[in-house]
Number of protein chains: 2
Amino acid sequence: MFSEFLPVIAAIIAVLFMLFQIKSNILPVSEGNERMKAISGNIKEGAMAFISREYKYVILFVVIVAILIAVFIDINTMICYIFGSLLSMLAGYVGMRISTASNARCTNEAMSKGLPDALKVAFAGGSVMGFAVTGFGLFGVGLVYLIFRDPATLMGYSFGASSVALFARVGGGIYTKAADVGADLVGKVEEGIPEDDPRNPAVIADNVGDNVGDVAGMGADLFESYAGAILSAMVLGFALFGDNGIKFPLVLSSIGIFSSILAAFIFLRKRQNSPQSALMFTIYISGAIVLIASFILSSMYFGNMKAAICVVVGILVGILIGFLSEVFTSEKFNQVKRIAEESQTGAATNIIAGLSSGMLSTVGPIILISIGILVSYHTMQMYGIALAAVGMLSITATTVTVDAYGPISDNAGGIAEMSGLDESVREITDELDSVGNTTAAIGKGFAIGSAALTALSLFVTYTETVNLDTLSLLDSKVVAGMFIGGMLPFLFSALTMNSVGKAATEMINEVRRQFREKPGILEGIEHPDYASCVDISTKASLKEMIIPGALAIIVPLFVGKVFGPETLGGLLAGSLVTGVLMAIFMSNAGGAWDNAKKFIESGEEGGKNSPAHHAAVVGDTVGDPFKDTSGPSLNILIKLITVVSVVCAGLFI
Amino acid sequence: MFSEFLPVIAAIIAVLFMLFQIKSNILPVSEGNERMKAISGNIKEGAMAFISREYKYVILFVVIVAILIAVFIDINTMICYIFGSLLSMLAGYVGMRISTASNARCTNEAMSKGLPDALKVAFAGGSVMGFAVTGFGLFGVGLVYLIFRDPATLMGYSFGASSVALFARVGGGIYTKAADVGADLVGKVEEGIPEDDPRNPAVIADNVGDNVGDVAGMGADLFESYAGAILSAMVLGFALFGDNGIKFPLVLSSIGIFSSILAAFIFLRKRQNSPQSALMFTIYISGAIVLIASFILSSMYFGNMKAAICVVVGILVGILIGFLSEVFTSEKFNQVKRIAEESQTGAATNIIAGLSSGMLSTVGPIILISIGILVSYHTMQMYGIALAAVGMLSITATTVTVDAYGPISDNAGGIAEMSGLDESVREITDELDSVGNTTAAIGKGFAIGSAALTALSLFVTYTETVNLDTLSLLDSKVVAGMFIGGMLPFLFSALTMNSVGKAATEMINEVRRQFREKPGILEGIEHPDYASCVDISTKASLKEMIIPGALAIIVPLFVGKVFGPETLGGLLAGSLVTGVLMAIFMSNAGGAWDNAKKFIESGEEGGKNSPAHHAAVVGDTVGDPFKDTSGPSLNILIKLITVVSVVCAGLFI
């Protein structure tokens with residue numbers, strides 16, 4: 001009995017811990033001088049303007065889908081759907097509100113006290129997103145389970161989370177890169193003003209973009225994985241082990257929250273001088289606690305260690321994929337150095353090196369995922385795969401914390417620059433930010449790995465729901481579906497890349513217009529109109545996400561209805577495989593180009609403004625939509641089409 | 001009885017027709033003045049140097065594999081294997097010998113008589129490759145069938161063809177791009193001398209590359225598809241329909257040869273002023289004859305129209321994929337224009353536009369292939385899919401002819417340039433060449449489409465051979481295999497792209513060395529050492545293909561042996577899906593970049609030497625290994641790993 005209430009209790013504790021962080025570690029810190037406050041206020045305003053406009057669309061979308069669910073499926077699923085989408089929106093709102101409240105505070109701490117205090121604020125700010133995602137996520141899962149008891153109905157919750165993730169990740173991804181490219185191309189390249197210069201009309205939109213894409217988008221992505229993994233484990237576990245199959249993932253996730261709280265406490269208790277090792281330590285400590293707990297729970301519920309083995313596999317695969325991402329995207333390793341070296345012979349060789357490095361980077365993660373699938377399936381069949389996903393995601397609070405920490409320190413640096421603070425402040429925030437790049441790479445690896453396992457367990461849930469005992473590759477319907485599904489990530493990536501291009505063009509035109517109509521901006525005597533740039537990025541990104549978003553929902557419905565559940569099953573499998581591959585390829589290629597450019601800027605291969613640097617800037621620009629828009633959006637695609645198929649399974653049979 | 005001998009008879013007629021073309025339409029034509037003869041001689045020498053060195057490696061490889069087959073499988077399979085590899089080598093040798101003999105003759109006809117006569121020589125030269133591929137290919141298939149009768153044993157023949165294709169396509173692809181990049185980067189970019197300038201030491205290697213990659217590589221690729229499709233249709237047809245299931249594909253392929261001869265006759269009979277429509281006409285006429293024949297044969301052998309429907313599907317899918325390739329790679333359509341337009345904002349936007357256009361271009365072909373699979377399977381189960389492949393490949397003689405025509409006219413232009421002939425000659429060869437680009441795009445579409453269907457029917461043959469009644473996506477072994485298989489094309493592409501980079505670097509160093517040590521070369525008073533460049537490209541390309549080539553053979557053997565036939569089945573399916581997708585993506589992106597650059601050079605978007613042009617050159621350089629090395633090599637990968645699995649099936653069960 002207690003174990004059924006535990007998730008809700010753990011979730012409430014997570015939310016209380018989050019509020020405690022806000023009250024004790026964020027709000028009491030000063031936001032610095034008036035200029036800093038004003039800039040931070042602009043960013044906050046822009047981010048909130050985006051999120052409120054986005055939510056208007058989301059709510060419209062959710063209402064329409066909810067009505068359709070009520071008509072074609074049932075009312076309970078509809079209630080779960082609405083609940084899932086509302087909680088995901090709430091998590092995104094809180095997380096982004098606090099991340100934009102933390103940036104100037106981080107700058108101020110860097111200015112007045114030094115690195116350890118700045119790190120503390122950035123970490124506390126990130127942890128709000130971490131505990132919002134897991135707290136609200138688990139609260140909802142626990143509650144709908146207490147109310148409805150039927151695991152199948154609960155998948156509506158996962159669908160709700162996916163709907164929000166679609167807007168947040170795809171829309172946010174387009175937003176952030178449109179603003180970034182617009183700011184860079186006109187500001188840095190055409191007018192020659194530095195990064196984060198307050199004269200650049202797109203500079204606020206650019207900083208808003210970091211929050212919109214890397215905080216809210218990433219958070220919604222992991223909210224979806226988190227809920228999807230737990231729910232599909234519940235469905236599969238119930239079928240095999242009855243109530244115990246449901247309790248294990250719920251209790252494990254609760255313990256994951258406690259372990260993350262403990263890790264955060266330990267982190268904040270002492271002054272951290274080395275951000276990198278301190279952040280990694282939180283991952284290790286929370287992972288270790290979950291591991292130990294999994295052995296106890298496994299023996300309690302199943303009388304053996306099998307479930308624990310699956311959890312171990314999940315956590316190991318997640319962490320190792322994260323490390324491999326770093327190997328392929330950090331300038332400490334050969335791949336990035338090679339890209340930097342190839343930049344000496346021009347942009348073309350830089351691009352070829354980046355593309356081939358990204359393709360090569362798929363090998364390790366895919367082997368890890370395959371081993372994970374084999375071992376966890378061998379141990380507990382399909383339930384094992386779901387448990388591996390739950391295991392990987394049990395420490396989501398911690399991984400989201402260290403991931404959301406990145407954009408906060410990035411913003412903090414931007415505010416330091418725009419406020420004209422001393423170089424030493426920027427140095428501190430740059431150090432925090434560079435660690436943020438590493439943790440972001442690990443976070444992306446986690447996001448992809450968990451999306452893969454979650455989508456796979458959702459896929460299995462789908463086949464159970466439509467009563468497919470087999471889904472044979474010797475059936476032409478399955479093969480045809482697999483080809484179509486395999487193609488979807490290519491189509492989706494093409495669409496999202498084009499969307500970035502179009503939104504960026506609108507931004508470029510706006511920035512040029514402002515410089516042309518108000519020549520005083522560049523001289524620093526006229527104020528640029530930040531709001532109009534924020535507005536353009538917001539509108540363009542939300543408009544541009546409609547087609548890819550609609551595709552992700554309509555294609556599985558169409559294929560399932562017209563060609564039947566086997567073809568749809570093949571489609572899900574095909575899109576899972578190429579989706580994971582393309583996501584890894586694009587994220588790592590983008591990360592590698594980015595760091596190759598930074599490596600050159602640090603003085604290698606000719607340094608800043610050398611021909612190699614110009615070539616590396618081309619790669620970095622290509623990599624932007626790769627790593628921040630198309631790549632992460634594929635995580636959403638593979639989960640969303642699967643969850644749509646699960647929820648609407650009844651329509652296909 | 002007659003129908004069993006028909007393939008051998010048709011094949012002999014094809015070879016006779018080929019000899020007739022050589023005797024009557026190629027050799028009698030003059031090779032022009034001494035300078036032209038000398039240049040053509042250099043190209044011929046370089047091409048033959050490459051092919052003889054390549055064949056040394058191939059023979060070593062074939063001997064080793066043959067011994068392994070004899071030890072682990074059986075002697076008959078070994079004999080078929082050796083036979084398949086020898087005939088593919090012979091086809092490549094003859095085709096390349098004649099294509100290099102046709103280039104200067106084409107130039108001379110352009111100079112002395114005009115476009116129609118030059119077109120005739122180029123067409124005749126291309127047709128030699130076309131009839132060599134189909135004549136030798138069908139001869140071998142027909143003969144080994146007459147001797148061994150057991151379709152399963154015959155798969156050794158297909159493996160032999162695949163082994164040669166691996167070297168020819170992958171090695172040739174690396175060769176051609178290493179030479180191209182080396183020639184362009186040092187010659188055009190660093191020293192500012194024009195394309196095809198005789199002072200460039202790499203210029204002969206570059207022209208050799210066109211023959212090595214686009215003639216011999218493409219020919220071996222289609223030889224493999226051609227043999228693989230017919231043989232897998234025989235295996236699957238025998239299982240379902242006994243002898244009639246074997247006879248239908250054999251007779252249909254024989255008729256395909258006759259129809260191609262007829263089409264070539266009609267083409268050569270009159271003076272063609274419009275190369276484009278004349279070449280397309282040969283495709284239509286030979287396709288139409290095969291279509292009609294398929295209906296008669298279908299009713300003869302099966303008493304219904306089902307087999308004909310599959311053939312129609314195959315031919316339609318092939319031609320439509322070809323057209324879609326053109327839509328995405330020709331400057332007449334929007335995609336290429338958009339890439340050219342995006343070049344105005346620099347190399348990064350050019351690259352993003354090309355990548356997204358290439359990804360988008362996968363949609364149509366994949367839908368066509370899926371429809372083809374569904375319809376042909378629905379009509380005649382797995383045999384239907386194999387028949388669709390046979391249908392598509394029945395007009396291989398014609399498609400290879402119009403494809404190999406391209407590099408001949410390209411070479412002809414190079415010879416005109418190097419011999420300092422009048423501008424008007426170059427104009428004629430340029431017109432021929434630009435048509436060649438279109439036919440090459442269609443040919444590439446055909447090559448990919450047929451590789452997909454051939455690999456799919458080989459995959460089915462594999463499952464039959466290892467006695468798998470089902471291969472379920474609910475089996476974790478299958479799913480894990482699918483992930484690994486899906487990753488292989490990414491790994492293969494990464495490796496081949498890197499290989500081009502390494503081989504090109506060696507070439508660049510050599511060209512720079514020659515310019516440095518012999519300053520007289522650039523002044524035109526010293527002779528560059530063409531042979532050393534040819535030698536470097538040859539050595540580097542053969543060395544660089546070892547690892548990707550070995551992978552394609554070792555990975556399926558390892559997975560099959562260690563993880564069993566189900567995992568290997570999943571691997572084959574996964575690599576088939578991503579292999580086809582990546583091949584289409586890379587080929588079309590590369591083609592689009594190429595033509596976007598040419599479009600700008602024709603005076604659009606600022607014309608030659610404008611900033612847009614410089615950006616487009618970057619895209620073109622990235623596209624080179626995409627479209628000429630990695631993309632086409634994937635055709636080989638997906639067929640080779642499947643045929644290895646079929647032949648070695650006995651080892652896994």
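## Salt bridges within chain A

A salt bridge here is a side-chain nitrogen of Lys or Arg within 4 Å of a carboxyl oxygen of Asp or Glu. A:R105 makes one with A:E31, with the closest N and O atoms 3.9 Å apart. This pair ties together distant parts of the chain, 74 residues apart: A:R105 sits in helix 3 (residues 75-112) of chain A, and A:E31 in the loop between helix 1 (2-26) and helix 2 (34-72). Helices are DSSP runs (H or I, at least four residues), numbered from the N terminus, while strands are E runs of at least two. Both A:R105 and A:E31 are buried; that word means under 20% relative accessible area, with exposed being over 50% and partly exposed in between (1.4 Å probe, protein chains only).

Before going on, a word on the model: it is predicted, so local features need pLDDT of at least 70 and side-chain atom pairs count only at pLDDT 80 or more, while totals for chains, interfaces and linings use all residues. Residues are numbered from 1 along each chain as its sequence is written, chains are lettered from A and ligands numbered from 1 in the order in which they are written, and side-chain values use heavy atoms, leaving out hydrogens and water.

Over all chains the count comes to 57 salt bridges. In one of them, A:D535 meets A:R53 at 2.5 Å, N to O. A:D535 belongs to helix 17 (residues 530-544) of chain A and A:R53 to helix 2, 482 residues apart in the chain. A:D535 counts as partly exposed because its relative accessibility is 25%, and A:R53 is partly exposed too, at 23%.

A:R426 and A:E417 also pair up, at 3.1 Å from N to O. A:R426 is buried, with a relative accessible area of 17%, whereas A:E417 is partly exposed at 31%. Then there's a network: salt bridges with shared partners join A:K177, A:D180, A:K444, A:D594, A:K598, A:D624, A:K627 and A:D628.

## Where the two chains meet

What about the interface? Chain B puts 60 residues in contact (heavy atoms within 4.5 Å) with 61 residues of chain A. The two chains bury about 5500 Å² between them, 84% of it on carbon and sulfur atoms; buried area is the accessible area (1.4 Å probe) lost on putting two parts together, summed over both.

Helix 15 of chain B gives the most to the side that touches chain A, with 16 residues. That side of chain B divides into 44 nonpolar residues, 13 polar and three charged. Here Ala, Val, Leu, Ile, Met, Phe, Trp, Tyr, Cys and Pro count as nonpolar, Asp, Glu, Lys and Arg as charged, and the others, Gly among them, as polar.

## Two residues to look at

A:Y377 is in helix 12 (residues 363-394) of chain A, and counts as partly exposed at 22% relative accessibility. Leaving aside neighbours within four places in sequence, A:Y377 touches A:G372, A:M382 and A:I385, plus B:L474 and B:S476 from chain B.

B:S343 lies in the loop between helix 10 (334-342) and helix 11 of chain B. At 0% relative accessibility, B:S343 counts as buried. Beyond its neighbours within four places in sequence, the contacts of B:S343 include B:N350, B:I600 and B:P611.
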